Amino acid sequence: MREIDTLLAEHGEANVALVVSMSGGKDSCAMLAYLHDRYPQVETHVVHADTGFEHIKPISAEAFARQVTESLGYTLAVVRNPNKTYLEMVERRGMFPAMSMRQCTSDLKRGPIEVYLRNHCQAKVIVNCIGIRADESTARSKQTPWKLNTKLSKAGRLVYDAMPIFTMTTEQVYADLATRSIPLHPVYRRAGGYLDRLSCRVCIFFSPSDLAATQVHDNEAFELIAALEDRLGHTMSPHGSVRALAARALPVLD
Ligand code: SF4
């Protein structure tokens with residue numbers, strides 16, 4: 001990434017560290033492989049944020065993330081919000097996170113990674129890398145792939161937020177992983193699973209067909225959300241309950 005190259009030239013390798021968000025999803029894996037190829041000498045922290053509602057079968061998101069991370073020669077740090085899991089957060093608030101606000105991401109992923117960065121990175125310049133790509137959605141295409149993080153920067157420490165694979169297309173990501181022999185988590189449709197993303201087991205961004213597929217393939221998680229909706233009198237989607245949305249989706253072929 002041009003901006004990282006510039007930072008390294010300006011500050012020297014010894015003063016720069018990368019903090020890489022690693023969910024175990026295809027984009028995180030492709031990003032880590034890219035950074036590994038490009039910046040093998042730079043101090044790199046690979047961090048997995050566990051929301052408490054990550055996939056657990058047939059291999060947990062954490063174990064899978066560790067497997068890929070270690071195959072590239074790094075160790076995986078795992079962080080969590082010490083006060084709540086995803087389901088506890090929803091239960092206590094009495095409502096699900098809105099897609100526009102995404103309290104789940106800020107409290108359960110971004111926040112714990114920021115705590116890690118503050119506590120474990122001593123470098124003068126830190127690049128906080130996330131695997132967001134423009135190709136994922138219109139909203140994501142409008143994001144800025146490189147910016148100074150004014151919240152985390154302070155005297156003696158500059159922190160930048162970076163999206164190193166922002167311009168890669170979905171097909172390029174799949175092709176890149178295949179070329180490198182990096183596997184996909186088995187939950188991916190292309191790996192024989194039933195989803196196109198490795199998200200929480202039931203994510204606020206799920207389509208009705210994702211919900212229908214989850215009802216079949218991860219009924220425990222589906223029922224946890226359905227029961228939570230019943231208890232709270234609040235649905236995860238503004239368009240209806242997960243049961244109603246799944247029923248409306250096309251039949252899922254097993
Ligand atoms: S995967 Fe979905 S539900 Fe989980 S934290 Fe991210 S946006 Fe929220």
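Predicted model: local features only at pLDDT ≥ 70, side-chain atom pairs only at ≥ 80, totals over all residues.
Figure 1. Of the 254 residues in the protein chain, 38% are buried. The chain is built from 10 helices and six strands, and its radius of gyration is 19 Å, close to the 18 Å that the globule rule gives for 254 residues, so the chain is as compact as a globular protein of that length. Taken along the principal axes, the box filled by the C-alpha atoms is roughly 55 × 40 × 30 Å. When contacts between residues at least 6 apart in sequence are considered, 68% of them join residues at least 24 apart.

Figure 2. Where the domains meet, six residues of domain 1 are in contact with five residues of domain 2; on the domain 1 side, the touching residues comprise four nonpolar, one polar and one charged.

**Figure 3. The largest nonpolar core, with a view of Val 47.** This core has 62 residues, and those that touch the most other members are Val 19, Val 20, Val 47, Val 127, Cys 129 and Val 242. At least three residues of the core come from each of domain 1 (2–170) and domain 2 (206–254). Not counting residues up to four places away in sequence, Val 47 touches Val 19, Val 20, Ser 21 and Met 22, together with Ala 77, Val 79, Ile 113 and Tyr 116.

**Figure 4. The surroundings of Asn 81.** Asn 81 is found in the loop that runs between strand 3 (76–79) and helix 4 (86–93), and Asn 81 counts as buried because 20 C-beta neighbours lie inside 10 Å, the cut-off for this class being 20 or more. Leaving aside neighbours within four places in sequence, Asn 81 is in contact with Asp 107, Leu 108, Gly 111 and Pro 112. Thr 51 is 30 residues from Asn 81 along the chain, and the C-alpha atoms of these two residues are separated by 7.6 Å.

**Figure 5. The residue shell around the ligand.** The residues around the ligand are Thr 51, Pro 97, Arg 102, Cys 104, Thr 105, Leu 108, Lys 109, Ser 199, Cys 200, Cys 203, Ile 204 and Phe 205. By class, this shell divides into seven nonpolar, three polar and two charged residues.

How values were computed:
Residues numbered from 1 in each chain as written. Helix = DSSP H or I, 4+ residues; strand = E, 2+ residues; numbered from the N terminus. Rg over C-alpha atoms; globule rule 2.2 N^0.38 Å. Buried ≥ 20, exposed ≤ 12 C-beta atoms within 10 Å, placed from the backbone. Contact = placed C-beta atoms within 7 Å. Near = placed C-beta within 6 Å. Nonpolar A, V, L, I, M, F, W, Y, C, P; charged D, E, K, R; others polar. Core = buried A, V, L, I, M, F, W, Y, C linked by C-beta atoms within 7 Å. Domains from an automatic or database assignment.
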